[in-house]
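Here is a short briefing on one strand with its partners, and on one helix residue. Please keep the model open while reading.

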Amino acid sequence: MEYLSGHQEEEAVTWMNEAARVARGALCLATKCGTVIVKDGAIIGEGYNGPPLDKTEGRICGEEIGPSTCVHSEWRAIFDALRNNPEKIKGSKLYFVRVDEEGDTKRSGNPTCTVCSRMALDVGIDKFLLWHKEGIGEYGTGEYNRLSYEHTSEK
Ligand SMILES: [Zn+2]
């Protein structure tokens, strides 16, 4: 993983802010996440977390204690890119961010979701970016996948 600086960091902040814009629409009551997938300076897929098909029947995360019922923002963004820009997804970059109740960006911890990491790897996304306390970290997707297995709580 590499922390970005200079022009690269500036550009990444722009895309993280786009991911935050998407996250503000999240339907989950527990946590609001947003993802944009970028290729050649344009967003090719985006998504926020929420129940399948945005349907509110059944349970929504945060209504009661239990396993997550949300589709992750990363899955949504990948599906969106596969639907609308399938030829562009190889070599793209995925930006993930959470926002708080006020819609301000939060800083992420270590990669932990091996479903997201495997999906990103399988469709050929090149880099996975998280906004850490120390700065914006850019992971190779294979590295992100490996670290997710190291950190996951679902062992
Ligand atoms: Zn995930």
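**Strand S4 and its surroundings**

Two bridges join S4 to strand S5 (residues 105–106), and the two run antiparallel. Strands are DSSP runs of E of at least two residues, and helices are runs of H or I of at least four, both numbered from the N terminus. Strands pair if DSSP finds at least two bridges between them. This is a predicted model: local features need pLDDT of at least 70, side-chain atom pairs count only at pLDDT 80 or more, and totals for chains, interfaces and linings use all residues. Residues are numbered from 1 along each chain as its sequence is written.

**S4 and S5**
- Val 99 has Thr 105 as its bridge partner in S5.
- Five residues lie between the strands of this hairpin, where Gly 103 takes a positive phi near 90 degrees.

**Other partners of S4**
- Strand S2 (residues 32–39) pairs with S4 in the antiparallel sense, over seven bridges.
- Lys 32 stands opposite Val 99 in S4.
- Strand S6 (residues 127–132) pairs with S4 in the parallel sense, over four bridges.
- Leu 129 in S6 is the bridge partner of Tyr 95.

**Burial of S4**
- Six of the seven residues of S4 (residues 93–99) are buried, so the strand is largely enclosed by the rest of the structure.
- Buried means 20 or more other C-beta atoms within 10 Å of a residue's own, with C-beta atoms placed from the backbone.

**Ala 77**
- Ala 77 lies in helix H2 (residues 73–84).
- Ala 77 is buried, because 30 other C-beta atoms lie within 10 Å.
- Ala 77 and Asn 49 are 28 residues apart in sequence and 9.7 Å apart in space, C-alpha to C-alpha.

How values were computed
Buried ≥ 20, exposed ≤ 12 C-beta atoms within 10 Å, placed from the backbone.
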